[in-house]
Amino acid sequence: RAGGGHGTETDCRAHRHGTNIWEMFVPEFGRSVEPGSVPRVEWIFLVLAVAVLVFGIAVVVVNRRRSAHTAAPTLPPSRPSVPPPQPEPAAAPTGVDVLEPDAAPVPAPEPEPEPVKPRSLRDRLVKARLALGSIVGRSAIDDDTWDDLEEALLRADVGLAVSDGLLGGLKDRVKAKQITTPQELLDGLRADMVARLAGSDRTLRFDDTLEGPNIWMFVGVNGVGKTTTIGKLARQQRDTGRTILLAAGDTFRAAAAEQLGTWAERADAEFVRGAEGGDPSAVIFDAVERAAARHVDLVFADTAGRLHTKTNLMEELRKVRRVAEKGAGVVTETLLVIDATTGQNGLAQAREFGEATAVTGVVLTKLDGSAKGGIVFAIETELGLPVKLVGVGETLGDLIPFDPDEFVSALFES
């Protein structure tokens with residue numbers, strides 16, 4: 001029979017005789033095992049178990065190695081990149097001009113900024129302008145026109161006497177039919193105001209023939225800006241090439257000398273002061289002697305505006321002037337400083353100081369913040385004192401010469 005049939009017969013035979021199939025192939029299977037010895041069958045199982053375990057470990061290790069190679073494949077080393085060769089420029093044919101590329105355009109230099117022009121007197125006198133709007137809009141000259149015009153002049157502190165003089169002349173011209181419209185009336189008023197301010201000598205007096213220094217005295221009540229005016233004018237005179245010495249003659253006001261000393265530093269001027277509460281005349285005299293010894297051109301003498309003793313201020317100022325001229329110097333200018341915002345009080349100050357100290361000119365300060373610029377006409381018409389300088393701001397250049405034409409034009413600016 002075939003191998004398959006023979007096997008079947010053997011199995012049947014073993015089954016008939018009750019023989020275990022393991023006993024047929026492994027005779028020792030059914031035998032008894034001596035005590036302390038290991039049966040062969042158990043050895044076989046043990047070997048198979050170890051083999052299976054080793055095989056499993058080997059499979060796990062192989063699988064891990066394969067996964068590692070798959071995750072990080074080895075890349076071939078990169079070759080250095082070589083730029084492709086650039087084609088050489090074709091040679092220009094003979095007789096043909098080769099045009100070079102245009103050079104980058106050179107930017108044009110920026111223009112220098114124009115210097116800022118100082119503001120004119122007209123620009124600064126906004127508050128001092130006359131209130132003439134109601135007159136400009138009229139169609140004819142009537143009684144209301146004269147009333148409005150007089151009110152505008154008085155509000156500007158032109159003064160009653162000056163206003164009556166200006167309006168009286170205009171009324172005569174209206175009656176004579178020389179003026180027929182409100183605009184002609186205003187033009188006539190402007191011309192008359194300019195004429196009243198014309199002809200005055202507004203130059204600052206300096207005698208360069210003197211062997212000693214010129215002395216400029218500054219008088220005025222406290223708070224009008226006298227020390228500031230001295231400092232600004234000293235800087236301006238220093239810029240013209242003159243040498244300056246400031247004398248702190250106001251020995252009664254607290255910190256007056258310190259304030260003037262600060263201005264002396266700014267103006268590059270020499271400075272002389274005395275003890276607080278000391279004799280002002282002695283300070284001025286010492287300053288003049290020092291200026292003469294050092295050949296200084298100008299001595300600016302500050303003076304007191306109020307005394308802390310019972311001594312009369314005007315008498316003290318007369319004494320200062322007398323003592324100042326006892327030395328080598330000469331008083332060539334006495335400037336009265338007036339605050340324009342005080343209005344008609346400034347006229348009273350000008351009258352009193354003028355009688356005591358022989359005032360030669362007026363400095364009108366704070367004119368840019370005042371609606372009472374008309375005090376100029378009262379000072380010049382009633383007292384005959386020329387306004388030489390006006391203060392129209394806080395900076396050094398805001399102390400400027402007084403220009404009558406520009407001042408009147410500013411008053412009429414609409």
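# Salt bridges and a helix pair

Reader: Is Arg-318 buried, partly exposed or exposed?
Author: Arg-318 has a relative accessible area of 28%. The model is predicted. Buried means under 20%, and exposed means over 50%. The value for Arg-318 falls in between, so the class is partly exposed.

Reader: Which residue forms a salt bridge with Arg-318?
Author: A salt bridge needs a side-chain nitrogen within 4 Å of a carboxyl oxygen. Here the closest N and O atoms are 2.9 Å apart. The partner of Arg-318 is Glu-315.

Reader: Arg-318 and Glu-315 both lie in helix H12; what separates them along the helix?
Author: Helix H12 covers residues 313-324.

Reader: What is the relative accessible area of Glu-315?
Author: Glu-315 is partly exposed. That class lies between the 20% and 50% cut-offs. The value for Glu-315 is 44%.

Reader: How far apart are N and O in the salt bridge of Glu-270 and Arg-294?
Author: The two side chains meet, N to O. The cut-off for a salt bridge is 4 Å. For this pair the distance is 3.1 Å.

Reader: How many residues apart in sequence are the parts tied together by Glu-270 and Arg-294?
Author: Glu-270 lies in strand E3. Arg-294 lies in the loop between helix H11 (280-293) and strand E4 (298-302). So the pair ties together parts whose separation in sequence, in residues, is 24.

Reader: Which residue meets Arg-238 in a salt bridge?
Author: The two side chains come to 3.4 Å, N to O. The partner of Arg-238 is Asp-268.

Reader: Where do Arg-238 and Asp-268 lie?
Author: The pair ties together parts that are 30 residues apart in sequence. Arg-238 is in helix H9 (residues 226-239). Asp-268 is in the loop between helix H10 (256-266) and strand E3 (270-272).

Reader: At what angle do the axes of H6 and H8 cross?
Author: H6 spans residues 143-155, and H8 spans residues 182-197. Their axes come within 12 Å. The crossing is right-handed. The angle is roughly 35°.

Technical notes: Residues numbered from 1 in each chain as written. Predicted model: local features only at pLDDT ≥ 70, side-chain atom pairs only at ≥ 80, totals over all residues. Heavy atoms only, no water. Axes fitted to C-alpha atoms, helices over the stretch in contact; angles between N-to-C directions. Helix = DSSP H or I, 4+ residues; strand = E, 2+ residues; numbered from the N terminus. Left-handed = near helix turned anticlockwise from the far one by under 90°. Buried < 20%, exposed > 50% of the residue type's maximum accessible area, 1.4 Å probe, protein only.
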